[in-house]
Amino acid sequence: MAGSVAVSGAKNAALPELAAVCLSAEPIVFSNLPQVEDIKVMVAALREIGAETESEAALAGDGAGLQGHELRIAMPTLHSPVVSHRIARTTRASVLLLGPMLARCGAARVSMPGGCAIGERKIDFHLQGLERMGAEILVAGEYLSARCDRLHGIDFTFPGKTVTGTENLLMAAALAEGTTVLRNCAQEPEVADLAALLAAMGADIRSQDGETYVIRGRASLHGASHRVIPDRIEAGTYLIAGCFPGNDIRVEAVIPEHLGSLLGILHDMGADVAVHQKEFHARGGAALRPVAVVTEPYPGFPTDLQAQLTTLLTQARGVSRVRETIFNDRFRHAGELNRLGADIEVRGDEALIRGGSTLRGAVLKTTDLRASAALVLGGLAAAGETRIENSYQLFRGYEDMPGKLQKLGADITMAWE
Ligand code: EPZ
C-alpha cells in the first residue's frame with residue numbers, strides 16, 4: 001500500500017461531547033465529527049430524550065441527522081431522561097448520558113452497560129462519584145435509575161483511572177451546586193477535549209497537574225462551537241499499517257504528541273517512521289526488532305492500539321511480549337492471527353509473539369472494534385485472500401476504513417459490495 005490517508009475526528013472525544021449537549025438549552029455546533037456508527041447511535045439517543053438536530057444531511061432532508069462531519073444540535077428541554085434498551089445495548093457509551101441527564105433534570109434511566117468482547121466493563125467508580133454528589137441510584141435487573149435534587153460539589157478521588165468515569169463526573173460537576181474537585185482523573189486527550197468544550201459552554205473548569213480538575217458549578221451553560229480533535233487511535237492504526245513490509249503511508253491531520261508512546265515503541269522496533277508537524281510518514285522494509293510492551297492509561301501505550309501492534313509484532317525478528325493491564329480479556333485477536341500463521345501464545349494478561357511468521361489468508365471471526373482493525377492489517381499482510389466475518393464492527397469506530405485502505409491500494413471489499 002502507498003499514499004496518504006487523512007484521519008477523522010476522534011470517536012472517543014465526540015461521544016462525551018455529544019452527551020454534553022444535555023447540559024445546555026442552547027445549540028452546540030460540532031465540526032470534524034466522525035461518520036461512524038457509535039456517533040449515529042449517540043445522536044439517536046439524544047434525539048430520543050429531546051434533542052433537535054440540524055446537519056448538512058438534515059438540511060438536505062436526510063432524517064438520519066448525520067451524514068456530513070458537521071452537526072448543529074440542541075437540547076431545549078430534556079423531557080424524558082430515559083435511554084432506551086435498543087440504544088443502550090448498541091453502545092456502552094450511553095452511560096455517558098447518566099451524569100449530564102442528572103445534572104440537567106435530576107433524573108436518568110439507562111441500561112447497565114453489558115460486558116463486551118474485551119472483558120468486564122464496570123462503572124462502579126462512576127456511580128460512587130454520582131452518589132457522593134447526591135444522586136440516589138437504583139440498579140434493578142439491567143436497568144439503572146437515578147434521581148437527585150440538585151447535585152452538589154464533592155472532593156472525590158477516583159479509585160482507578162477511568163476515561164468515561166472522569167467524563168461523566170466532569171459533566172455532572174459543571175451544573176452542580178458548589179465546587180467539585182476530581183482527583184486521579186484520566187488524562188486521555190479526549191478527556192481534555194471534553195473539558196475544552198465545557199469551558200467553551202461557560203463551565204468554570206480548571207485542570208491542575210493533568211490529573212486533578214476543579215469545577216465550580218454554574219446554574220446553566222450556553223451554546224458553543226467545537227471542532228473534535230483528530231482520532232489518535234485511527235492515526236495509530238494507519239501508522240502501524242505503514243510499517244508493514246512494502247508499505248509507504250503518510251498519515252495526515254494528526255496531533256503527534258497524542259501518540260508519543262506508540263512512536264517510542266516503533267522507534268525501538270527500528271521502524272522507518274518520520275514525524276512532521278501534523279503528519280506521520282511510515283515506510284515498511286526495515287528489519288523490525290522485537291519489543292516488550294505494556295498497555296497503560298495515557299500517556300502510556302493505549303490498550304486501543306494493542307491488537308494492531310500485536311499484528312505488526314508477528315513480523316518482527318524475535319520474540320515480543322505484550323502485557324494488557326487495562327482489560328481482562330483483550331487478546332481474542334491472537335487466536336485469529338494464529339489462523340493466519342502467526343505464532344502467538346497467550347498466558348494470562350501477557351501474549352508472547354514469536355515473530356518472523358509468513359502469514360497466509362484464512363477465514364477469520366472478529367469480536368470487537370480494535371481486534372477487527374488488527375485482523376484487517378493481518379489480512380493485508382498475508383498472502384492470498386482473507387475473509388473476516390462480523391467486520392461490521394469496523395464501522396463502529398473507523399470512518400470508511402475499506403474506502404481509505406482502497407485509496408492506499410489495498411485489495412479490500414466489504415462482502416455486501
Ligand atoms: C474508554 O472506555 C474508551 N471508550 C475505550 O475505547 C478505551 O479502551 C478505554 O477508555 C481505556 O482507555 C470510550 O471512551 C467511549 P475505563 P471506558 O472506564 O471509559 C475499569 C474503543 O475501542 N473500571 O477507562 O469504558 C474497567 O473495567 C473503546 O474505542 C472500573 O473498574 O474504560 C477497565 O478495566 C474500547 N470501574 C478499566 O477500569 C469503573 O467505574 C478502564 O476502564 C470504570 C472502569
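Begin by selecting helix α5 (residues 98-105), where the buried residues are L98, G99, P100, M101, L102 and A103; buried here means under 20% relative accessible area, exposed means over 50%, and partly exposed lies in between, with a 1.4 Å probe and protein chains only. Helices are DSSP runs of H or I with at least four residues, strands are runs of E with at least two, and both are numbered from the N terminus. Because six of its eight residues are buried, α5 is largely enclosed by the rest of the structure. If you now show what covers those buried residues, you will find that the cover includes α1, β5 (107-111), α6, β7 (143-147) and α7.

The model on your screen is a predicted one, in which local features need pLDDT of at least 70 and side-chain atom pairs count only at pLDDT 80 or more, while totals for chains, interfaces and linings use all residues. Residues are numbered from 1 along each chain as its sequence is written, and side-chain values use heavy atoms, with hydrogens and water left out.

Next, select the ligand together with the 23 residues that surround it, of which the closest are D124, F125, T164, D304 and I326; a residue counts as near when one of its heavy atoms lies within 4 Å. Helices α1 (11-19), α6 (124-132), α7 (163-174) and α13 (369-381) each supply at least two residues of this shell. Look then for the polar contacts, which are pairs of N or O atoms within 3.5 Å. In the side chain of D124, an N or O atom is 2.6 Å from a nitrogen atom of the ligand. An oxygen atom of the ligand lies 2.7 Å from a polar side-chain atom of T162, and a backbone N or O atom of V163 lies 2.9 Å from an oxygen atom of the ligand. The ligand has 820 Å² of accessible area on its own, and the protein covers 87% of that, as computed by the Shrake-Rupley method with a 1.4 Å probe.

Stay in helix α6 and select H126, which counts as buried because its relative accessibility is 1%. Leaving out residues up to four places away in sequence, H126 touches V95, T162, T164, G165, N168 and L169, where contact means heavy atoms within 4.5 Å.

Now move to the largest nonpolar core, which has 77 residues, those with the most contacts inside it being L23, L46 and L198. Such a core is a set of buried Ala, Val, Leu, Ile, Met, Phe, Trp, Tyr and Cys residues joined through side-chain atoms within 4.5 Å. Apart from this core lies another, of 58 residues, among them L309, L312, A342 and L364.

For the last stops, turn to the backbone. Most residues other than glycine have a negative phi, and most peptide bonds are trans. Select N184, in the loop between β9 (179-183) and α8 (189-200): this residue is not a glycine, yet its phi is positive, about 60°, and at 23% relative accessibility N184 counts as partly exposed. In the loop between β10 (204-208) and β11 (212-216) you will find D209, also not a glycine, with a positive phi of about 50°; D209 is exposed, at 59% relative accessibility. Finish at P299, in the loop between β16 (292-294) and α11 (306-313), where a cis peptide bond joins Y298 and P299, with omega about 10°.

Terms used:
Polar contact = N/O pair within 3.5 Å; in protein donor to acceptor, adjacent residues only side chain to side chain.
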